[in-house]
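Visitor: Please take a close look at one part of this model, the charged side chains. Then describe the surroundings in which they sit.

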Amino acid sequence: MGARAVSAVVVGGGVAGLAAAHRLARSGRQVVVLEATDRLGGMVMPVELAGVRVDGGAEAFARRLGIADELCATLGLEVAGPEGGPHIRWSVDRVWPGADGVLGIPASPQDPALRAALDAEELEAALAEPTLLEAIGAEAVTVGELVTARLGQGVTDKLVAPVTTGVYGMPPDQMPLAQFAPRLAGPGSLYAKVAAARGSRSSVAQPVGGLFRLVEALEADIRQHGGEIRLGHRARASDLRGVERAVIACPARPAAELLEDFGVQVEQPATTVSQSVLLALEPKALEGAPVGSGVLLGQPIPGLGARALTHYSAKWPWSGGAVQVLRLSYAPEATPSRGRALVDASLLLGRPVTEVLDFRVVRWPAVPRSLTVAARGSLLAQLPANVRVAGAWAFGNGIEAAIASGLEAAA
């Protein structure tokens, strides 16, 4: 890597790698970040639409552990939760508000979403939940199993499934409680547990100005504390030898290639494709934010190409003003055009959208699915004493998980 002596090397300039480098630099290590591409951030990336910069990839972080909030505070970034809430479109002419709770599960039998979404029999089951024996649902291991046991199939299908499928790409019956909602497990009223888990603050947030500001702040902090960042540098095993700490925080394939040189065998996880369209519109086209912060799909609707819609400028009001931004998500095999996106936006919003100021397709071709617990344990057991790994492919998707893995790798 040149004549300059270093004590720590971080491979990968995504959020996990930058979090690791931030901690290493602040601890006094002489750290170098090696990023193979020409930019930092990984799947956190700004996109300019009609003169406004917004998030083109991930837009928020979870607040389950508080780690991302703490990092933003350390970096001097103001953090804000989203405004409004999503609606669920069930058909061309039927839409209802999402529940105010956790993962689409309401926190109270008084939640208006119950009466808007459920038929009489389904509503009766949901309202009876506080009177059920505490043991009902206590042995549930998935979100879907618990919700159906306590609130009924109607709540699972009409309020929870649109959220878990639209946001996490996973039906409720496949979502382990231990991973996604551990505080809801066990005996007792589900309404009460959701209310306690939700607390008084939002479950997600972003730095005011966009999640990409976290990447910019981490870069500045690393440099301020003596760290070096090299773009366009594909790391080799020789870059990692002889240093006190090497953190491999790049995607799975290059990580596996590096680790093989250390005798470490890696089971690479599968990847998926994420694709979205960003639209910039005149504010008058979306006056009143007719569906709050966006729309999730309750079931397939004939003629609809998009999977969901986020009204980015309603969800994150700092981005509003002269331009309103929509994000529509699409299946990997779709080829969304400007015209297709306008048709889909009109259907999801329930009002015509005919003109657009700017249009952008954003495609992520290799979003990782994380290693199984067994595969992760095998990987960690093989690592040399000075080598750590971090990032989504090893520790799970999500900004909070990425930050946590990076900080832990640098400890």
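Guide: Glu244 is exposed, with a relative accessible area of 52%; exposed means over 50%, buried under 20% and partly exposed in between, using a 1.4 Å probe and protein chains only. The model is predicted, with pLDDT of at least 70 required for local features and 80 or more for side-chain atom pairs, while totals for chains, interfaces and linings use all residues. Residues are numbered from 1 along each chain as its sequence is written, and side-chain values use heavy atoms, with hydrogens and water left out.

The partner of Glu244 is Arg29: the two form a salt bridge, with the closest N and O atoms 3.7 Å apart. The criterion is a side-chain nitrogen of Lys or Arg within 4 Å of a carboxyl oxygen of Asp or Glu. Arg29 sits in the loop between helix H1 (15–26) and strand S2 (31–35), and Glu244 in the loop between helix H10 (237–240) and strand S13 (245–248), so this pair ties together parts 215 residues apart in sequence. Helices (H or I, at least four residues) and strands (E, at least two) are DSSP runs, numbered from the N terminus. Arg29 is partly exposed, at 24% relative accessible area.

By this criterion the count comes to 15 salt bridges. One of them joins Lys315 to Glu59, with the closest N and O atoms 3.0 Å apart. Lys315 belongs to helix H12 (residues 312–315) and Glu59 to the loop between S4 and strand S5 (61–62), so the contact ties together parts 256 residues apart in sequence. Both Lys315 and Glu59 are buried. Glu59, Lys315 and Arg327 are linked in a network of salt bridges.

A further salt bridge runs between Arg234 and Glu257, where the closest N and O atoms are 3.1 Å apart. Arg234 is in the loop between strand S12 (228–231) and H10, and Glu257 is in helix H11 (residues 252–260), so the parts tied together here are 23 residues apart in sequence. Glu257 counts as partly exposed, at 40% relative accessibility.

Lys193 is a charged residue without such a partner. Lys193 lies in helix H8 (residues 190–198) and is buried, yet has no salt bridge; the nearest side chain of opposite charge is Glu129, 7.1 Å away. Leaving out residues up to four places away in sequence, Lys193 touches Arg183, Leu184, Ala185, Gly186, Pro187 and Gly188, where contact means heavy atoms within 4.5 Å.

Now the surroundings. Strand S4 (residues 52–55) is joined to strand S3 (residues 46–49) by 4 bridges, and the two strands run antiparallel; strands pair if DSSP finds at least two bridges between them. In S4, Val54 is the bridge partner of Val47. Val47 and Leu49 make up the covered face of S3, and Pro46 and Glu48 the uncovered one. S3 and S4 form a hairpin with 2 residues between them, and Ala50 in the turn has a positive phi of about 50 degrees. Ala50 is partly exposed, with 34% relative accessibility. Most residues other than glycine have a negative phi. Leu103 is another non-glycine residue with a positive phi, about 55 degrees; Leu103 lies in the loop between strand S9 (101–102) and strand S10 (105–106) and is buried at 11% relative accessibility.

An open sheet of 7 strands has the order S8-S7-S15-S16-S17-S14-S18, with mixed pairing. Strand S8 (94–97) and strand S18 (358–368) are its edges, each pairing on one side only. Neighbouring strands of the sheet are turned by 25 degrees against each other on average, direction ignored. Helix H13 (residues 338–349) packs on the sheet, touching strand S7 (86–91), strand S14 (271–281), S15, S16, strand S17 (324–330) and S18, and its direction makes about 100 degrees with that of S17. Axes are lines fitted to C-alpha atoms, for helices over the stretch in contact, and angles run from 0 to 180 degrees between N-to-C directions. Within the sheet, S15 (residues 294–297) and S16 (residues 308–311) run antiparallel and are joined by 3 bridges; Ala308 in S16 is the bridge partner of Leu296.

On the scale of the chain, there is domain 1 (8–44 + 209–269 + 369–410), domain 2 (99–197) and domain 3 (271–367), with bounds from an automatic or database domain assignment. The centres of domain 1 and domain 2, taken over C-alpha atoms, are 37 Å apart.

Note on methods: Lys, Arg positive; Asp, Glu negative; His and termini not counted.
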